[in-house]
2 protein chains.
Amino acid sequence: MSIRDVVVLGTASQVPTRDRAHHGALLRFDDEGILLDPGEGTQRQLTFAGLATSAITRVCITHAHGDHCLGVPGIVQRCSLDGRTDPLPIHFPEAAASTIRNLCTATPFDAVTPVELHPQQPGTVTATTGRLRIRAAELSHSLPTLGWRIEEPDGWRLDPDLASRAGVEGQDRSELLRAGAVRVDGRTVHVEEVATPRAGQSVAFVMDTRWCSGALELAEQADLLIIEATFLESERDVAEQAGHLTAAQAARLANEAGARRVVLTHLSQRYPDLDGHRAEARTAAPDLDLHVAADLDRIALPPRRDLCP
Amino acid sequence: MSIRDVVVLGTASQVPTRDRAHHGALLRFDDEGILLDPGEGTQRQLTFAGLATSAITRVCITHAHGDHCLGVPGIVQRCSLDGRTDPLPIHFPEAAASTIRNLCTATPFDAVTPVELHPQQPGTVTATTGRLRIRAAELSHSLPTLGWRIEEPDGWRLDPDLASRAGVEGQDRSELLRAGAVRVDGRTVHVEEVATPRAGQSVAFVMDTRWCSGALELAEQADLLIIEATFLESERDVAEQAGHLTAAQAARLANEAGARRVVLTHLSQRYPDLDGHRAEARTAAPDLDLHVAADLDRIALPPRRDLCP
């Protein structure tokens, strides 16, 4: 049974509170577990979430501010302590390279896990081990920042009755979906005869940023959008100056981009409760499938969309 | 009202658990707030303890392992974010200098607080701003490690009746205690005429270490001894090899040194509960005033001892 969800590890921005640990999120996508922006304390938050470091296959970081990466030393060291010999790839903006490199060796420890550092340029695509692609786009913050998009390629949804009638059974079915055609009893069956196209799923991770084209590009038709909503409209000027979004902006951006499910996170400590975020986002985009994240929430990806054939 | 206690911020060793955050302790001693070995997450633990960074006047670090200092970036950055312009002195073994320096600038932030780095040699005394002295002694771990002792000088306990009979009132009383003698009505009153000597209080902080002379020296007659008890006797070999103490060793060491109140902390995740630590320590030193620390405990210093005149 494959899992596709995001486990919210922390929802704070710069300052943690009793209710909100520093930011961290684990995107679970079948065999991949992508740790997004681990802030200080992410190692322990994994424990609260009942997850081991083995759940992490790679790390994606948006920028070098501490609340987005001070959890890196703990994660890297804990992987080694847990005896992990699988590599741990870490993706980050090129401008953050020295920061991330230093965090990986911040204090002495017995290194067992091979850490692979992947400085990233905006716009390029990072190949992954599995069927997923990872793409980065430039955001607009107070220092170089990349948002991330994780994409599964489009595929096919097999109709079992049609497939049986065409004589495609067992292994041939996965071969047909993979290769697009298969030979059965001397004739070629094409995938479109027995399957309908379905969209690959995509998840966008947008923080920290002002409203910008990069954020819109990443969020475009995303099945799940995890987006910062540090402030409310009452602090719009502060948000603009510091390079952040308000809850209303985040909701409008998600709506404009056609994102299907939206998680607001990275919430300023100045808001003891999040009623304001919910109200403001709902007013800005009433039909949005919206979640204002709480620590340790698990939010599933919505079911796959069909594609017009 | 002056406070003299230790606020336990975290009690884990290498691996945090649901119940135990990474190590951290704040020694509050009148105007001083000495943060001892802040591990990852100490910033948030302060919040759980209801304390602001302004409660910290200085930081003392025993060694460069992550569970003893990965909280430094968060504390340093948070002081600046809180607008603190008072300096933040950080004391640590000379061998840890590059690690601590790098942690103080681990990720970019707007530095407001002047951080003063004090690499320390064993045996020397660090002058402090107030009446306290800070002393370091070498411990026996897997990399260079210093334990710390915080000492108040010996002083006098004034007998108000005797002082009145000698004509010493008001300001003259504090002057007498400070200077040792005061002129009243043309004659000199010496402090020993109206006061009895009392010991200054002392607190020792011993981790990580095997049984060694440095640990005994620091713990000697300490009013409060905070000491690591990572393991139990059943893991004695592991403890010896890794440079740690068992609960029984820590209790025996405290007893042999004549420490008055003892806090066991830095507890391995392999022990889900701490009954073993309590039992083992009690057997090893039945009369010890012993606390096996839990996160967010506050343990007061015992009342001052009298000194033989």
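So, in chain A the domain assignment gives two pieces: domain 1 takes 4–154 plus 199–300, and domain 2 is 157–196. Their C-alpha centres sit 39 Å apart. Keep in mind, by the way, that this is a predicted model.

Now, how do the two chains relate?

On to the interface. 37 residues of chain A contact 37 residues of chain B. And 100% of chain A's interface residues are interface residues in chain B too, so the copies meet through the same surface. The buried area between them comes to about 2600 Å², with carbon and sulfur atoms giving 57% of that. On the chain A side, the residues losing the most area to chain B are A:R18, A:E40 and A:R44, which together make up 25% of what that side buries.

What about salt bridges across the interface of chain A and chain B? The rule finds zero. Polar contacts are there, though: 12 residue pairs between the chains, both residues at pLDDT 80 or more. As for elements, α1, α2, α3 and α4 of chain A each give two or more residues to the side touching chain B, and α1(A) gives the most, with six. By type, that side divides into 13 nonpolar, 17 polar and seven charged residues.

Note on methods: Residues numbered from 1 in each chain as written. Chains lettered and ligands numbered in written order. Predicted model: local features only at pLDDT ≥ 70, side-chain atom pairs only at ≥ 80, totals over all residues. Heavy atoms only, no water. Contact = heavy atoms within 4.5 Å. Domains from an automatic or database assignment. Buried area = accessible area lost by both parts, 1.4 Å probe. Salt bridge = Lys/Arg side-chain N within 4 Å of Asp/Glu carboxyl O. Polar contact = N/O pair within 3.5 Å; in protein donor to acceptor, adjacent residues only side chain to side chain. Helix = DSSP H or I, 4+ residues; strand = E, 2+ residues; numbered from the N terminus. Nonpolar A, V, L, I, M, F, W, Y, C, P; charged D, E, K, R; others polar.
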